[in-house]
Amino acid sequence: MNRADQTMQEARSTMQRTCAESALPLALRLRAMTERDVEAVCAADRAAYEHPWTEGIFRDCLRVGYSCWVGELDGEVVAHAAMAVAVGECHILNLCIHPDWQGRGLGRRLLRHLMTFARTRRADSAFLEVRASNSRARALYASEGFCEIGLRPGYYPAAKGREDAVVLARAL
């Protein structure tokens, strides 16, 4: 076998292994976020967003008692969320999957966990904002029953100015 054939065979083998691994169910462990998680959470947020939250924002969410969660795979934080629950409503403030792990159902699992938790706190409706350009997240939310109820012009910082947020809601 010549070098080119060997390289092609190695590439096929790697691709087949990667496809097989992505088809396996991932053992995402969800748990409450702690102060010790903030550094890893911020690293995931920076990897996923051009304008990530700061450590201070995450620490404030923990300090005021928001429902903050991390998702771990083999002890590594790959997902996180922050949600406020009060007066019969929940508001998802941040839901993030590290880009290396997106597209594998982790966002859906984390979202469903948030909805279940909100119900245990007697919330009967859920709200969130999502970037108008974030078609993958919008598709996930729509598939989970969220409907567009409004628009917040210029809500998010963007590379060239500001970007609108689409406001979504659903009954729990």
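Predicted model: local features only at pLDDT ≥ 70, side-chain atom pairs only at ≥ 80, totals over all residues.

Colleague: What is the order of the strands in the open sheet?

Modeller: Seven strands line up as E1-E2-E3-E4-E5-E7-E6, with mixed pairing.

Colleague: What makes E1 and E6 edge strands?

Modeller: Strand E1 (29-32) and E6 each pair on one side only. Neighbouring strands in this sheet are turned by 25° against each other on average, ignoring direction.

Colleague: And which strands does H4 touch?

Modeller: Helix H4 packs on the sheet and touches E1, E2, E3, E4, E5 and E7. The direction of H4 makes about 160° with that of E4.

Colleague: How do you know that E2 and E3 are paired?

Modeller: Pairing calls for at least two bridges between two strands. Strand E2 (residues 67-73) and E3 are joined by seven bridges, so they count as paired. They run antiparallel, and Ser 67 has Met 83 as its bridge partner in E3.

Colleague: Why do E5 and E6 each count as paired with E7?

Modeller: The same cut-off of at least two bridges applies. Strand E5 (residues 125-131) has seven bridges to strand E7 (residues 161-171), and strand E6 (residues 147-158) has eight bridges to E7, so both pairs qualify. E5 and E7 run antiparallel, and E6 and E7 also pair in the antiparallel sense. Within E7, Ala 165 is the bridge partner of Arg 131, while Leu 168 is the bridge partner of Glu 148.

Colleague: How many residues lie between E6 and E7 in their hairpin?

Modeller: Two residues lie between them.

Colleague: Now to the loops. Why is Val 87 called exposed?

Modeller: Exposed means over 50% relative accessible area. Val 87 has 84% relative accessibility, so it counts as exposed. Val 87 sits in the loop between strand E3 (76-86) and strand E4 (89-97).

Colleague: What is noted about the phi of Val 87?

Modeller: Its phi is positive, about 50°, although Val 87 is not a glycine. Most residues other than glycine have a negative phi.

How values were computed:
Residues numbered from 1 in each chain as written. Heavy atoms only, no water. Helix = DSSP H or I, 4+ residues; strand = E, 2+ residues; numbered from the N terminus. Buried < 20%, exposed > 50% of the residue type's maximum accessible area, 1.4 Å probe, protein only. Axes fitted to C-alpha atoms, helices over the stretch in contact; angles between N-to-C directions. Contact = heavy atoms within 4.5 Å.
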